[in-house]
Amino acid sequence: MLDIVSLAEQTLTSGSNISFDTNRVATSCTAQHTAGSPSIVLNRPGYYFIGFSATATASNATETTPITV
């Protein structure tokens with residue numbers, strides 16, 4: 001099991017990756033993550049459950065482009 005989060009606010013541009021600054025749980029070698037990195041490495045083939053949650057706000061009050069993660 002791998003449970004990673006990013007608690008710090010990040011300002012991202014279109015196409016950039018979200019970095020995850022904290023590894024809360026890492027119980028096996030099947031999935032690996034280095035804190036501060038946006039990359040997750042899956043070391044074995046198989047079925048994986050991935051959950052994701054985000055809170056996003058536009059950079060200015062007139063922004064009309066949708067925010068997609």
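This briefing describes the fold, selected residues and surface of one protein chain. The model is predicted: local features need pLDDT of at least 70, side-chain atom pairs count only at pLDDT 80 or more, and totals for chains, interfaces and linings use all residues. Residues are numbered from 1 along each chain as its sequence is written, and side-chain values use heavy atoms, with hydrogens and water left out. The chain contains zero helices and four strands, where helices (H or I, at least four residues) and strands (E, at least two) are DSSP runs numbered from the N terminus.

**Overall form**

- The order of elements from the N terminus is β-β-β-β. The radius of gyration, taken over C-alpha atoms, is 14 Å, well over the 11 Å that the globule rule gives for 69 residues, so the chain is more spread out than a compact globule. That rule is 2.2 Å times the number of residues to the power 0.38.
- Along the principal axes, the C-alpha atoms fill a box of roughly 45 × 25 × 15 Å.
- Of the 69 residues, 10% count as buried; buried means under 20% relative accessible area, exposed over 50%, and partly exposed in between, with a 1.4 Å probe and protein chains only.
- Contact means heavy atoms within 4.5 Å. Among contacts between residues at least 6 apart in sequence, 19% join residues at least 24 apart.

**His-33 and its surroundings**

- His-33 belongs to strand S3 (residues 31–33) and counts as buried because its relative accessibility is 11%.
- Not counting residues up to four places away in sequence, His-33 touches Leu-2, Ile-4, Phe-20, Asn-23, Ser-39 and Ile-40.
- The side chains of His-33 and Asn-23 are joined by a polar contact of 2.6 Å. A polar contact is a pair of N or O atoms within 3.5 Å; within protein, one must be able to donate a hydrogen and the other to accept it, and residues adjacent in sequence count only if both atoms are side-chain atoms.
- A polar atom of the His-33 side chain also lies 2.7 Å from the backbone oxygen of Ser-37.

**Salt bridge**

- The chain has one salt bridge, defined as a side-chain nitrogen of Lys or Arg within 4 Å of a carboxyl oxygen of Asp or Glu.
- Asp-3 and Arg-24 form this bridge through their side chains, at 3.2 Å from N to O. The pair links distant parts of the chain, with Asp-3 in strand S1 (residues 2–5) and Arg-24 in strand S2 (residues 22–26), 21 residues apart.
- Arg-24 counts as exposed because its relative accessibility is 54%.

**Arg-44**

- Arg-44 is located in the segment after S4 and, at 47% relative accessibility, counts as partly exposed.
- Apart from neighbours within four places in sequence, Arg-44 is in contact with Cys-29 and Thr-30. With Thr-30, the side chain of Arg-44 makes a polar contact of 3.5 Å.
- Arg-44 and Ala-54 are 10 residues apart in sequence, yet their C-alpha atoms are 27 Å apart in space.

**Surface**

- The chain exposes about 5,800 Å², of which carbon and sulfur atoms supply 54%. Accessible areas come from the Shrake-Rupley method with a 1.4 Å probe; for residues, only the protein chains shown count as cover.
- A nonpolar surface patch is formed by Ile-40, Leu-42, Tyr-48 and Ile-50, which together have about 400 Å² of accessible area. Patches are made of residues with over 30% relative accessible area and no salt bridge: like charges are joined within 9 Å, and nonpolar side chains (Val, Leu, Ile, Met, Phe, Trp, Tyr) within 5 Å.
- Ile-50 lies in the segment after strand S4 (40–42) and counts as exposed, at 68% relative accessibility.
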